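This report describes selected local features of one protein model. Please consult the sequence and the structure shown here while reading.

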Amino acid sequence: MQVTDEREFAVRRWSDLFDLDCYLLGAVLTIITVSLMLLTSAADGIYLSRQFLFLIPSLLIGIGVLFIRIDFWNRIANVIYWINIALLLFVMIKGATAMGAQRWIDLGPIRLQPSEIAKISIIICLAAWFSKKPIKNYYDIFISFLIIGPPFLLIFKQPDLGTSLAFIAIYFGMAFWAGATITHLIVGISPVVSLIANSTGPVVLNVGTIQIHNRIVELTITQNFVYFLCFLLIWLVVTYKPWKSPWIVLSVSSIIFANALIGFVRPILWNLLHTYQQKRLTIFLNPESDPQGAGYHIIQSLLAIGNGGFLGYGWRNGKLTKGDYVPAQHTDFIFSSCGEEFGFIGASFIVIMFVIVLYRILYIARTSNSKFASLVAVGIFSFFAFASFAFS
């Protein structure tokens, strides 16, 4: 019976190759094609052969995964988690270093980056956890959040802030799908928001100074931080109606006090980050505040996109991108090449393709008969949404 089931599964998977989501597949292939064109333009084809080197095996692996039952990944989630932790520990001890970061395992002709594998690993592990233990209260959130704690800290230590933040996006998206409310998520992310809010905006109160690593740092309260605390208090009061119980009053007060404390001691926590990481978290709010430093990349990218106008200059004809005015245009700022060469029409087309991809992934999550598969789809959706729009 089992052999027959496996044979039926294999036959069904071969038929699935001709029954894939055509909207999702078409949008993905379109994004890949345009990306290769933009990469050719931005870097004069230098990295094109390398992209094909990874693209073809990736497509073959994707086809191969079709022949693996989805419950197989559920069963080995624990094994995947600990293998990933082992790889991240190995990177920390023996990993290859480049550009000030220790993120890679040198395998001769190629380098393996475990933090990229960790994204897939954490999606599978959280899906396995949430499919068995949905979220009902803050305790469930705290326990499930511990799953991403070790890989988050190991990747943050490399340092790799972008991937660390991606973990947060993945967690909150999957937690919401597993039963967490909007209020749960707001309270969960509030310490991070408090930290960032009290690092931006005009200062309304200067409490004094403190010495950290032989540096004198001012203890301040900013306008943005005050606004956020007021928003958080109003939200909690409207949601929980604290006048109903003294325990609710205590809980709401504790949440507000914890955020106020985190914001107040911001200089201590903030200085755990590298300077460029601090800038990366705040510079998008006002890139003109440091036009020759942290804001330079963003400003130049926006100028290139605006320079493209409605129709753009045409493929490989960008004025600013081809003139090397935009740094890292073949990696983080590839969208600037799209905006300048293909204009508003081309840039909008790419955005629409990404929206289609995200919509179809969410559609798969909603219609899946497997809770585990649905959660995996939401994890992928959360990561793609974060990567597509938070860092574009």
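## Ser194 and its surroundings

Setting aside neighbours within four places in sequence, Ser194 is in contact with Phe225, Phe228, Asn259 and Gly263. The model is predicted.

Ser194 belongs to helix α9, which covers residues 182–197. The relative accessible area of Ser194 is 0%, and this residue is therefore buried, the limit for that class being under 20%.

## Lys119 in helix α6

Helix α6 spans residues 114–132 and contains Lys119. Lys119 has a relative accessible area of 10%, so it is classed as buried.

The side chains of Lys119 and Glu116 form a polar contact at 3.0 Å. When neighbours within four places in sequence are left aside, the contacts of Lys119 are Thr163, Phe167, Ile170 and Phe383.

## A nonpolar surface patch

On the surface, a nonpolar patch is formed by Val204, Leu205, Val207, Val226, Tyr227 and Phe264. Together these residues have about 530 Å² of accessible area. Two elements, β4 (203–212) and α10 (223–240), each contribute at least two residues to the patch. The largest share, 3 residues, is supplied by β4.

Tyr227, a member of the patch, is located in helix α10. Tyr227 counts as exposed because its relative accessibility is 53%, and the exposed class requires over 50%.

Definitions and conventions. Residues numbered from 1 in each chain as written. Predicted model: local features only at pLDDT ≥ 70, side-chain atom pairs only at ≥ 80, totals over all residues. Heavy atoms only, no water. Patch = residues over 30% accessible without salt bridge, like charges linked within 9 Å, V, L, I, M, F, W, Y side chains within 5 Å. Areas by Shrake-Rupley, 256 points an atom, 1.4 Å probe, with all protein chains shown as cover. Salt bridge = Lys/Arg side-chain N within 4 Å of Asp/Glu carboxyl O. Helix = DSSP H or I, 4+ residues; strand = E, 2+ residues; numbered from the N terminus. Buried < 20%, exposed > 50% of the residue type's maximum accessible area, 1.4 Å probe, protein only. Polar contact = N/O pair within 3.5 Å; in protein donor to acceptor, adjacent residues only side chain to side chain. Contact = heavy atoms within 4.5 Å.
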